[in-house]
Amino acid sequence: MPLRYGEILYLFLIGISFYLIAISRKEEARTIWEVLNPAFIPALFIAVFLLFGILLSSEKTTYKLIFVIIISILLHSFFAIIFPAGDSSGQQITLGRIRSIYDNFEPLTLTSPSKPILSPLYEMFRGDRFQAALSVVLARMFSLDILRVHLFFVPALWGIFVPVAAFLTTKSLGGSDSIGALASLLISAFPYSIYFGAISVPNSLGFIFFFCSFAFTLQYLEARNSKSLFLMMAFSFFSFLSHFLTGIMSVSLILLALLYKSQKGEEQKWVLARAIVSIVFCASLLPLSLVYFKLFRANSYAAFSLEKLFELPINEIFGLSLFGDLIYGSNLWTLVLVVVGPALVLLCMIGLGFKLRRNHHAAPKETVTFAFMAFLVISVDFIVLKLFMDKLPFNEERLWVFRDFIAAPFAAQAIYTVSLLIRRLSDTDSLRSLSLNHLRTLVKTHALRSLSILAILNIIIPSILAGWLILSLNVAYPQVAPLQTTQYELDAVKYIEERTDQKYVVICDIWVTFAGEAIVGISNPSAYYFDENSQLGIALFSNMSHEPSPEWMLSAMNLTDTAVAYFVLSEPRMRSPEEFNNIVANIKEPLSLFYVSPNEKLYVFSYSAPLQF
Amino acid sequence: MSVGKLVIKDICASPYICLTMMNSSRLELIRLERTITRDKNLRYSLFSYLLAAMILLNLFFFQSPIIGISASLIYVFINAFFLGHVLFRSQEPFFRLILGSLVFLMLLGFVGWLVLTVYDLDVMALFVVLLIAATVSSLMNRRMKYIDG
């Protein structure tokens, strides 16, 4: 089928958007917003506007989904394309660990903290090993460096598979193909969902498998066949293998589905009681597992606590349970965006609930009720974690991604219903009701009304939705951030690696450590960068900055059993250019200048141990 | 059927496979899927082994991303068709391909994870991973053919 003009224009704009992001890449950047080409947002707005039009049209579902997948990959690739080493976050630490598997070395550990008895089990099943296996396999298959594969790994998988899972979920909830396609795009209109789709961390991979597991759980409730059961279990297992949070949530919802399914045929009065017990039981699994997590992982101190409940004022408690940490200094739009999705979900669920009450045998009744229960489980978990627990290994707002996955299909349903209602308005005013005496006036009124309905359907609704998506991007990608790993830091690390034959250690700040993790990996015994949390590494860098001396470099070499030590100093990471110049001026022999970046913002000094006879 | 004939024929067919995937209509996708999943004389199973060997040779001698990416994509798509055919028969062909790809990636990751747990993921281990993953998906496809009669 030949593509329509709107679709060709859409593809052209997407191509332009990719090009604009690619040319926005700079060697120094803090946030994507400070370097993003000014033409990008207008181009993206028009592309999304056109896409909403395409999604609400009668185009084939396959084409619609392909269009959504293309834009979904684009929306999640900002970090990977613009920043030379991706976002400075957990993804760089994950890359450091994956690099050790890719380059096949055993990380050198300087200190060995006491580990729980079950820690080998945790080490085997920890998420970054599964992600590492998959990334390394793909990097070797493609014959590409692991850095490139890692940066695009989650954005590409998320961009392709999350819209498909959203589509399948919507279909199981009784939505049409058009609503499914709309939901697959709306999943990118939730800030937390965008952010986690943009960073390559095990948690993001777990979210993808969780969503697939949820989609097949709904199919299992709908069709009750063994294949759906196998698929929901398999996706849940991989969700667990990727990250314990997504794994536990996935297991909770599977248990909820099985409990929900087993209550069929019971008396009506017991159904509600059993549903409440099921929700409480499934919601308790995550908090309890976090408490017992200390049996498997060192430095895990999560515990129940009533401290917040007793100490915080009631309005803050209420705010925390609704908006999480966003109540502390977030702007109005962020709060609105966080509320809009769930509010639409609740409205739509209540609306659907009333609609289904009239028809007890309606096919999606079970799946809608289950989705509502799952939504409650996630909400209860969020409140418990936020208000009744302390020292968690992650921030509780991550749970909003689960909530967004359930929200998107209902939000799509709500939007589609509104557009359908507006369309019906134009049908009610038929020409049969017109009187011949007032024909001219009425035709004018009718035309005006039809035009305004057309404008609402084809201009205002897609504009609002496109605006919503752009606003979500604005919230999802940070507005304030430290300077990301720069190109010249990466070049310096590559230069050291290429020009050094012996084992070496690098004394540097945390940012160069991130660059080191990207190129040579974490705690590499032959190219050693101190762990980003290493107090020793921080102390050595601080000493070298205040009092540059070979003594510190020698002690680093002795600690790591290396023959050469490097000291890397980068101007933008210092408090002022004067401080940078002072340190450089203070460095004297026997330390020698090894490398200077072309823009003279980074210096590398080297020191070799004196030969001992 | 000789392996030589198989290679020439299928390598000649590979651009067709790619082009068909890129702008295929539903009918063409179904035809392509049927041809691959029928797996006459294990033609496509052997072809995916050959692609695995090609990936290995590329890693040893050429290190070309163009060869690597194209061979890998064809390898993944053939096995995705196998798994999509087995696990997602009730879905549309497009969904069969997409979900089959996801399941095959999961399989690759899982076998890779197992190999990593017991050994290391070096180049030869990667070849073993590719062979195991291709064998599992081919066997599942054969089993489905057997059930279908």
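**A walk through one sheet in chain A**

Hi everyone! Let's start with one pair of residues: V505(A) has Y528(A) as its bridge partner in β4(A). Before I go on, please keep in mind that this is a predicted model.

How does the chain get from β3(A) to β4(A)? The path leads through helix α23, residues 510-519 of chain A, and this β-α-β crossover is right-handed. The two strands then pair in the parallel sense, with 3 bridges between β4(A) and β3(A), which covers residues 504-507. Another of the pairs is V506(A) with Y529(A) in β4(A).

As a quick reminder, strands in a sheet pair through backbone hydrogen bonds, and they can do so parallel or antiparallel.

Now look at the other neighbour of our strand. β3(A) is also joined to β5, residues 564-570 of chain A, by 4 bridges, and these two run parallel. Here I507(A) stands opposite F567(A) of β5(A).

Are the faces of β3(A) covered or open? Both are covered: Y504(A) and V506(A) are buried on one side, and V505(A) and I507(A) are buried on the other.

Let's step back to the whole sheet. It is open and has 5 strands, and in chain A the order reads β4-β3-β5-β7-β6, with mixed pairing. Which strands form the edges? They are β4 (527-529) and β6 (592-596) of chain A, each of which pairs on one side only. On average, neighbouring strands in this sheet are turned by 25° against each other, direction ignored.

So much for the tour.

Terms used
Residues are numbered from 1 along each chain as its sequence is written. Chains are lettered from A and ligands numbered from 1 in the order in which they are written. This is a predicted model: local features need pLDDT of at least 70, side-chain atom pairs count only at pLDDT 80 or more; totals for chains, interfaces and linings use all residues. Two strands pair if DSSP finds at least two bridges between them. Axes are lines fitted to C-alpha atoms, for helices over the stretch in contact, and angles run from 0 to 180 degrees between N-to-C directions. A residue is buried if 20 or more other C-beta atoms lie within 10 Å of its own, exposed if 12 or fewer, and partly exposed in between; C-beta atoms are placed from the backbone. A crossover is right-handed if, with the strands pointing away from the viewer, the path from the first strand over the helix to the second runs clockwise.
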